[in-house]
Amino acid sequence: MTHSEQPKEMGLMDHIQDLRVCLLHCSWWILIGSAIAFYYNDVIYHFLWDPYVNALQRKEETQSVYTGLMDPFTVAINQAIICGILIASPFIIYEIFKFVAPALKKNELATIRNFSILSLILFLGGILMGYGYMLPRLAQVMESFRLSDTKNYLNAKDYLQTVIKLILGLGIIFQFPLL
């Protein structure tokens, strides 16, 4: 290998500049993903609401409500940001990988690629388990505690937080086999 083919040594400021660019790109991806999610806010909310309410015996007696003046806006923004991060996550992971890759050896890159694929499969499995199995079961358990002559008014903000915690939590828990 000649001197011109050797990798260029970077100084601290060069690394900081590269990190800045990486974080800036990640921020843009999150902003784009959040804008897309905000545009489809109603579709996403019903997508998250449907498994719960469809699992109930008395669907017509269950409604989503806002209890505060700012709740509709807060729910829409929180939902857009969380979904925006999820939408942008492949691009964010790519940007982080691009930042870290020059410091890794070929065998380390192969290991990271294999773990990344496995991690993605496990994470998606956890999300599907939370959305398709746990959320309807949660609805059925909560319904079993409801008195026969009552209606169920769910706070939309609390519901969204619970669903996100449940789904993302299971996605993270499914990462434990990698440890």
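1. Tyr-159 lies in helix 5, where helices (H or I, at least four residues) and strands (E, at least two) are DSSP runs numbered from the N terminus. This is a predicted model, in which local features need pLDDT of at least 70 and side-chain atom pairs count only at pLDDT 80 or more, whereas totals for chains, interfaces and linings use all residues. Residues are numbered from 1 along each chain as its sequence is written, and side-chain values use heavy atoms, with hydrogens and water left out.

2. With residues up to four places away in sequence not counted, Tyr-159 touches Tyr-45, Leu-48, Trp-49, Tyr-52, Leu-135 and Leu-154, a contact being heavy atoms within 4.5 Å. Tyr-159 is buried, its relative accessible area being 7%; buried stands for under 20% relative accessible area, exposed for over 50%, and partly exposed for values in between (1.4 Å probe, protein chains only). Gly-33, by contrast, is 126 residues from Tyr-159 in sequence and 22 Å from it in space, C-alpha to C-alpha.

3. The aromatic side chains deserve a point of their own. Rings of Phe, Tyr and Trp (its six-membered ring) pair if their centres lie within 6.5 Å, and planes under 30 degrees apart count as stacked, over 60 as edge-to-face and the rest as tilted; by this rule the count comes to eight aromatic pairs. In one of them the ring centres of Trp-29 and Phe-91 are 4.1 Å apart and the planes stand at 10°, so the pair is stacked. This pair links distant parts of the chain, with Trp-29 in helix 1 (residues 12-39) and Phe-91 in helix 3 (residues 71-100), 62 residues apart.

4. A second pair, Tyr-52 with Tyr-159, is edge-to-face, with 5.5 Å from centre to centre and 75° between the planes. Tyr-52 lies in helix 2 (residues 41-54) and Tyr-159 in helix 5 (residues 156-173), so the pair ties together parts that are 107 residues apart in sequence. Tyr-52 is buried, with a relative accessible area of 5%, and Tyr-45, Trp-49, Tyr-52 and Tyr-159 form one aromatic cluster.

5. Returning to Trp-29, its contacts beyond four places in sequence are Ala-88, Phe-91 and Glu-95. Ile-85 is 56 residues from Trp-29 in sequence, and the C-alpha atoms of the two are 8.1 Å apart in space.

6. Asn-152 has its place in strand 2 (residues 152-155) and is buried, with a relative accessible area of 16%. Neighbours within four places in sequence aside, Asn-152 is in contact with Tyr-52, Glu-61, Thr-62, Gln-63 and Arg-146.

7. Tyr-133 belongs to helix 4 (residues 106-144) and is partly exposed, its relative accessible area being 40%. Between the C-alpha atoms of Tyr-133 and Lys-165, which are 32 residues apart along the chain, the separation is 15 Å.

8. For the chain as a whole, there are five helices and two strands, and read along the sequence they follow the pattern α-α-β-α-α-β-α. The radius of gyration is 22 Å, well over the 16 Å that the globule rule gives for 179 residues, so the protein chain is more spread out than a compact globule; the radius is taken over C-alpha atoms, and the rule is 2.2 Å times the number of residues to the power 0.38. Along the principal axes, the C-alpha atoms fill a box of roughly 85 × 35 × 20 Å.

9. Buried residues make up 27% of the 179 residues in the protein chain. Of the contacts with a separation of 6 or more, 88% are accounted for by residues 24 or more positions apart. The protein chain exposes about 12,400 Å², of which carbon and sulfur atoms supply 69%, the areas coming from the Shrake-Rupley method with a 1.4 Å probe.
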